[in-house]
Amino acid sequence: MHSVVSEIVVNNDWRDGEFAKYKANSLNVEESLWCRMCIPMIYANWEGFVVDALKIMLNHLNKLELQSTQLPSNLVVVGLGDAYRTLSGKQSFQQRIDFTNSFNDLLSKPVKFKTKVDTKSNLKSDVFNELCGSFDFDSDKFKELLKDIDRLVHIRNSIAHGENSIKPNMVNIERYIESVKSAIDLLLYEIDEYLSLEKYLIRVNG
């Protein structure tokens, strides 16, 4: 296991204890109320893990001081993301010159990744798949699990908006927890393989 993955695991060890508490309902709270309370917390653990794991991974990549010439295009775009904002709207010729000079300057230095991970506060399958695409992770592995997670996000949003029509039960709670835990394990595997095999570097044939 890569040392970064070990750090992620240690940093998030407490989540298993949280999930066990949600399943136990040791205070014997009325089931429908308990389940509605658990849904946002299960989601928070899902989003929290993904953000924390990717942040730790990006911090590691920053320490490597990688040059843009070493990286595949998708990772260069991740690293230079904010630099593209000035391309929006109409620009004068001078603005294009300024952008080119600024961009060339950025490309001449080690790529610095921002460690803020944007989940759009709704870490559904489309957002998660976009994050996977940023690092070329295999999002297909998560496909079935994300169906449950999308349902979890939908119920969480309904509860947050004061809707009372959806009434999850303990069977649902256990299913969502297992899907989130399985997705977490898969993401750990993807990160481990990504770092151990240095998949963040350009592959040179031959």
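**Questions on a predicted helical chain**

Reader: Why is Ser121 called partly exposed?

Author: The relative accessible area of Ser121 is 46%. Buried means under 20% and exposed means over 50%, with partly exposed in between. The value for Ser121 falls between these cut-offs, and therefore the residue counts as partly exposed. This description, like those that follow, refers to a predicted model.

Reader: Where is Ser121 found, and what is its phi?

Author: Ser121 is in the loop that links helix H5 (93–107) to helix H6 (125–135). Its phi is positive, about 55°, although Ser121 is not a glycine.

Reader: What makes Glu65 exposed?

Author: Glu65 has a relative accessible area of 54%. Exposed requires a value over 50%, so Glu65 counts as exposed.

Reader: How do you know that Ser68 is buried?

Author: Ser68 has a relative accessibility of 12%. That value is under the 20% limit, so Ser68 counts as buried. Ser68 is found in the loop between helix H3 (31–63) and helix H4 (73–79).

Reader: Which residues does Ser68 contact, apart from its neighbours within four places in sequence?

Author: Ser68 is in contact with Val76, Leu107 and Val111.

Reader: Why is Asp140 called exposed?

Author: The relative accessibility of Asp140 is 59%. Because the cut-off for exposed is over 50%, Asp140 qualifies. Asp140 has its place in the loop between H6 and helix H7 (143–160). The C-alpha atoms of Asp140 and Asn129 are separated by 8.7 Å, and the two residues are 11 apart along the chain.

Reader: What makes Glu130 exposed?

Author: Glu130 has a relative accessible area of 51%. This value is over 50%, so Glu130 counts as exposed. Glu130 lies in helix H6. From Glu130 to Thr119 the C-alpha distance is 9.7 Å, with 11 residues of separation in sequence.

Reader: Is Asp16 buried, partly exposed or exposed, and what is the value that decides the matter?

Author: Asp16 stands at 45% relative accessibility. Asp16 lies in helix H2. Asp16 and Asn45 are 29 residues apart in sequence, while their C-alpha atoms are 9.7 Å apart.

Reader: Which residues line the second largest pocket, and how much space lies in it?

Author: The second largest pocket holds about 200 Å³ of space. Asp16 is one of its lining residues, together with Ile8, Val9, Asn12, Asp13, Arg15, Phe19, Phe49, Lys181, Ile184, Asp185 and Leu188.

Reader: Which helices supply at least two residues each to that lining, and which gives the largest share?

Author: Helix H1 (3–11), helix H2 (14–24) and helix H8 (170–196) each supply at least two residues of the lining. H8 gives the largest share, four residues.

Reader: What share of the contacts between residues at least 6 apart in sequence joins residues at least 24 apart?

Author: The share is 83% of those contacts in the chain.

Reader: How many positive and negative charges are counted, and how far apart are their mean positions?

Author: The chain has 25 positive and 29 negative charges. Their mean positions are 5 Å apart.

How values were computed:
Residues are numbered from 1 along each chain as its sequence is written. This is a predicted model: local features need pLDDT of at least 70, side-chain atom pairs count only at pLDDT 80 or more; totals for chains, interfaces and linings use all residues. Side-chain values use heavy atoms; hydrogens and water are left out. Contact means heavy atoms within 4.5 Å. Lys and Arg count as positive and Asp and Glu as negative; His and the chain ends are not counted. The place of a charge is taken as NZ of Lys, CZ of Arg, CG of Asp or CD of Glu. Buried means under 20% relative accessible area, exposed over 50%, partly exposed in between (1.4 Å probe, protein chains only). On a 1 Å grid over the protein atoms alone, a cavity is a set of points where a 1.4 Å probe fits but cannot get out, and a pocket is an open set with protein on both sides within 12 Å along at least five of seven lines; lining residues have an atom within 4 Å of a point. Grid points are joined across faces, edges and corners, and a volume is the space filled by probe spheres set on the points.
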